[in-house]
Amino acid sequence: TREIRLASRPVGRPSGDNFELAESPLPALEDGQILVRNLFMSVDPYMRGRMNDVKSYSAPFAVGKALDGGAVGEVIASRSSAHREGDVVVHALGWREYAVVDGSAATPARTDLAPASAFLGALGMTGLTAYSGLLKVADFKPGDAVFVSGAAGAVGSLVGQIAKAMGASRVIGSAGSPAKVARLLELGFDAAFDYHEGPVVEQLAKAAGPAGIDVYFDNVGGEHLEAALSVLNVGGRVAMCGAIAQYNSTEPTPAPHNLMQAIGKQLTLRGFLVGGQRQHAAEFAEKMAGWLADGTVRYDETIVDGLENAPQAFMDLLDGANTGKMLVRL
Ligand code: NDP
């Protein structure tokens, strides 16, 4: 199979030299395994962390070896009783065209509910991150005013729409371009701003008005988190999902200068990983399928064609070239 390997570890922003397109023979299927032809693979911000040689919640990628990550594909041969030829499955061996996967490590994709690609986005890990982060981690309640950063991205756009569907009093999003801001308003956000257009704290305070915000869903960290701490109401909650503003940093990044506000306002700041939210997966899948079916939640995809373009798709994701979920079609 053709695969993308990590050629070297990026320092700061990744570049094309950090990746290598290579070919490797496929092992013969063992009992319990399936051969999958990948249809789509996911590129995700967390993969930047795995390119560094540091101990973290997911193991670093090895230099000279194929990368991995979420993928959805068609079973073309099966020695597993759990999957038949023709089934579409989600698994963790992306960044390659064909994968030999243990049957137990592949999950059927309900393509009667949505196209295969959705199982890497709204109906997959991305959707569960948005759903559980908002409802379980930030403990969202109807009537809350919600602010989400990275709002035009895969997770953020779902967070805002779920909050609206669940009775938020106001949903505010920030994103990196005027076109993304316009898209957020189309998706039903009450207010949105481009964080390049002025200090986040000023734009957020204006968008929130005197009612302030009760929940902040943080995809970005840095200046966004600092701004939210200033604007949050007493008893406010923060779901700390990501800090993409600092994933390429080579220097230690300053903490929010106003963290002390958490004391006086009795704020809750909770970090979480979607891997720790799997107990909500069935509830999430049922709710999200309903919201997609009745049009309550819509999702965008930015699709790049060809395995050879996957490294560029990943780099473009970090630069904000995507609206909604960034995917590579294989
Ligand atoms: P997105 O689709 O949101 O893509 C990333 C976006 O980040 C870009 O489109 C870009 O949009 C924005 N961005 C890049 N640099 C900056 C910056 N300096 N400041 C502000 N925005 C920036 O990716 P995902 O939806 O997959 O992920 C969103 C966040 O959620 C990430 O931080 C990710 O790590 C995190 N995450 C965490 C999980 C968990 O288990 N905790 C699981 C999944 C995701 P723009 O044009 O607006 O700048």
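Student: Leaving aside its neighbours within four places in sequence, which residues is E74 in contact with?

Tutor: This is a predicted model. In it, E74 is in contact with V36, R37, L39, G86 and V88. Contact here requires C-beta atoms within 7 Å. E74 itself is placed in strand β4, residues 71-78.

Student: What makes E74 count as partly exposed?

Tutor: A residue is buried with 20 or more other C-beta atoms within 10 Å and exposed with 12 or fewer. E74 has 17, so it is partly exposed.

Student: How far apart are the C-alpha atoms of E74 and Y98?

Tutor: They are separated by 9.6 Å, and the two residues are 24 residues apart along the chain.

Student: Why is W95 called buried?

Tutor: The cut-off for a buried residue is 20 or more other C-beta atoms within 10 Å. W95 has 29, so it is buried. W95 sits in the loop between β5 (88-91) and β6 (98-102).

Student: What is phi for W95?

Tutor: It is positive, about 65°, although W95 is not a glycine. Most residues other than glycine have a negative phi.

Student: Where is D139, and is it buried or partly exposed?

Tutor: D139 is in the loop between α2 and β8. It has 14 C-beta neighbours inside 10 Å, so it counts as partly exposed. D139, a residue other than glycine, also has a positive phi, near 55°.

Student: How do you know what span α3 should have?

Tutor: At 1.5 Å a residue, the twelve residues of α3 should span 16 Å. The end C-alpha atoms of α3 are 17 Å apart, which agrees.

Student: How many residues surround the ligand, and which are the closest?

Tutor: The ligand is surrounded by 29 residues, the closest being G153, A154, G176, G242 and G320. Elements giving two or more residues to this shell are α2 (125-137), α3 (154-165) and α9 (310-318). The largest share, three residues, comes from α3. By class, the shell has 16 nonpolar, eleven polar and two charged residues.

Student: Why is the ligand said to lie between domain 1 and domain 2?

Tutor: Both domain 1 (2-121 + 299-329) and domain 2 (125-276) give residues to the shell around the ligand, so the ligand lies between them.

Student: How far apart are the C-alpha centres of domain 1 and domain 2?

Tutor: The centres lie 28 Å apart. The contact between the domains takes 17 residues from domain 1 and 17 residues from domain 2. On the side of domain 1 that touches domain 2 there are five nonpolar, eight polar and four charged residues.

Student: Which feature does UniProt place at residues 16-328?

Tutor: The unreviewed UniProt entry gives "domain: Enoyl reductase (ER)" there. Over residues 16-328 the chain is 27% helix and 24% strand, with end C-alpha atoms 16 Å apart.

Note on methods. Residues are numbered from 1 along each chain as its sequence is written. This is a predicted model: local features need pLDDT of at least 70, side-chain atom pairs count only at pLDDT 80 or more; totals for chains, interfaces and linings use all residues. A residue is near a molecule or strand if its C-beta atom, placed from the backbone, lies within 6 Å of it. Helices (H or I, at least four residues) and strands (E, at least two) are DSSP runs, numbered from the N terminus. Ala, Val, Leu, Ile, Met, Phe, Trp, Tyr, Cys and Pro count as nonpolar, Asp, Glu, Lys and Arg as charged, and the others, Gly among them, as polar. Domain bounds come from an automatic or database domain assignment. The expected span of a helix is 1.5 Å times one less than its number of residues. UniProt positions are given in the numbering used here, feature names are shortened, and annotations may be inferred rather than shown by experiment. Two residues are in contact if their C-beta atoms, placed from the backbone, lie within 7 Å.
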